[in-house]
Each structure stands twice: as structure tokens, then as C-alpha cells.
Amino acid sequence: MINIALPKGRIGSKSYRLLEQAGYPCPEILEPNRKLTFVNEEKGVRYFWVKPSDVAIYVERGAADVGVCGADILREYEPDVYELLDLGIGRCRMCVCGEKDFFENPEKTLKIATKFPNIAGKYYEEAGRDIDIIKLNGSIEIAPLLGLSDIIVDIVETGNTLRENGLEVLEEILPISARFICNKVSFQFKNKEITQMRDKLSYCTVQKM
Ligand code: PRP
Ligand code: MG
């Protein structure tokens, strides 16, 4: 049995659809219910829904053999897992954003609000910039509007949230998409099943692109 952690929310049902196309269906998962685990005995898979930021924790600790996780989470927390495949879904960009007329004073410490302190920290560390990171948990776009920070480091998908709040992309840090990840021990002990799953998924993502 392969245990698969799926992220609730935006990319959750898309990633299930890919796995379904790849030959691992479990239709009950899309029915309106509050269940969190779903088994297809015949195909040898057990799915479960977890918070997107928790997928990598389940996989790293082996509670899940594989899972679907955004590259933003992987770069931020650097979990000790294998990244087996870029699924090509959930595409967006990690960006530095600010108010349209933002002028950066190089003499002053730059205040950055973000959900991703490691990504932001590394980016500015490389540039040798003096920064102050303010870790928030959501609605990051408000921070510069209220003067909590000078700029933000956040995910931009359509750009609607920025536009509707008078902000814009100042710099792009990295492209993001959903990745198929795997526990390192599982990859050894369930190698045949997991490699097969990766290859079938790979075929489905190539077909889609
Ligand atoms: C994410 C992200 C941006 C927005 C980007 O926030 O943090 O705010 O989506 O999408 P867009 O470019 O299509 O507008 P989310 O909705 O996940 O909420 P949160 O930041 O409050 O967690
Ligand atoms: Mg947001």
C-alpha cells in the first residue's frame, strides 16, 4: 500500500485528478464529505488530505510515502525528501512586491513582511542587504499599506491581489509549481511501486503540457 498525502485547497483536487488519470482512482475522495482518508485496495493506494504546509512533514517522517507539495514550501522548510517530479500544476511566482511608487532607501534597514522568512532571508543575504523580516501568516499584502513593512515577499499567481491593493511586482525570486515528493526510506523499500507511479504521473503531465 502506498500512502499519499494530498494538499487540501487550491491544488488538492488537481493533483488528485492527475493521480486518477495515472491509474490510481479513488472517486470517493471528491464526494462532499468530511472524511480525511480514502483507500483503493485494488490499486494499492491510500489517500489523505492534510494542510498544504504539512504534506512535507508527513512525507519526511514517513507517515506518507509520497505527496504533492508546492516548491514554495520545499524551498522554505527544506524537508529531507526526494523531489521526484514537477507536476506542472499550481504555477505561480515568488516575488518581492511593494507599492507602485516604492522608493528604496539603501541607507535604511529594509522591512519585509512575509510567510517565507527563509526564502526572503536568503535572497537578501546574497545581495548583502540589511533587512528586518516580519513573519506573518497571511494577508501579507496589507503590511505595506499600513506601514508595517516597506515591501513583501509573497506568492503571485494572477496578480489580482496585488492590483486590488495598489501593489506591484518589484522583483521575481523564483518560479513555483507543485512537486511530487517521496520519503527517502519508502523510495528504497517501495521502489518499484513508487517509480511506476512517478512514471505514470510523468506521462500524464507531459500529455497535459
Ligand atoms: C496567496 C498569496 C497571495 C495570493 C496570490 O494568498 O499569498 O496573497 O494568493 O494570488 P493572486 O496573484 O492570484 O491574487 P492566499 O489566498 O493563499 O491567502 P493568505 O495569503 O491569506 O494565506
Ligand atoms: Mg495572500
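An oxygen atom of ligand 1 lies 2.5 Å from an N or O atom in the side chain of Thr 158, a polar contact being a pair of N or O atoms within 3.5 Å. Taken alone, ligand 1 exposes 500 Å², of which the protein buries 74%, with accessible areas coming from the Shrake-Rupley method with a 1.4 Å probe.

This is a predicted model, in which local features need pLDDT of at least 70 and side-chain atom pairs count only at pLDDT 80 or more, while totals for chains, interfaces and linings use all residues. Residues are numbered from 1 along each chain as its sequence is written, chains are lettered from A and ligands numbered from 1 in the order in which they are written, and side-chain values use heavy atoms, with hydrogens and water left out.

Two further side chains approach oxygen atoms of ligand 1: a polar atom of Arg 10 at 2.7 Å, and an N or O atom of Lys 115 at 2.8 Å. Ligand 1 is surrounded by 13 residues, the closest being Glu 141, Asp 154, Thr 158, Gly 159 and Thr 161, where a residue is near a molecule if one of its heavy atoms lies within 4 Å of it. Strand S9 (151-156) and helix H6 (160-163) each supply at least two residues of this shell, and S9 gives the most, with three residues; helices (H or I, at least four residues) and strands (E, at least two) are DSSP runs numbered from the N terminus.

The space taken by ligand 1 is the largest pocket, a pocket being an open set of points on a 1 Å grid over the protein atoms alone, where a 1.4 Å probe fits, with protein on both sides within 12 Å along at least five of seven lines, and lining residues having an atom within 4 Å of a point. Among the 38 residues that line the largest pocket, Arg 10, Asp 72, Lys 115, Phe 116 and Ile 155 lie nearest its centre.

| Pocket | Volume |
|---|---|
| Largest pocket | about 960 Å³ |
| Second largest pocket | about 210 Å³ |

Each volume is the space filled by probe spheres set on the grid points, which are joined across faces, edges and corners. The lining of the second largest pocket includes Lys 8, Glu 31, Arg 34 and Trp 49.

Terms used:
A polar contact is a pair of N or O atoms within 3.5 Å; within protein, one must be able to donate a hydrogen and the other to accept it, and residues adjacent in sequence count only if both atoms are side-chain atoms. A molecule sits in a cavity or pocket if more than half of its atoms lie within 2 Å of its grid points.
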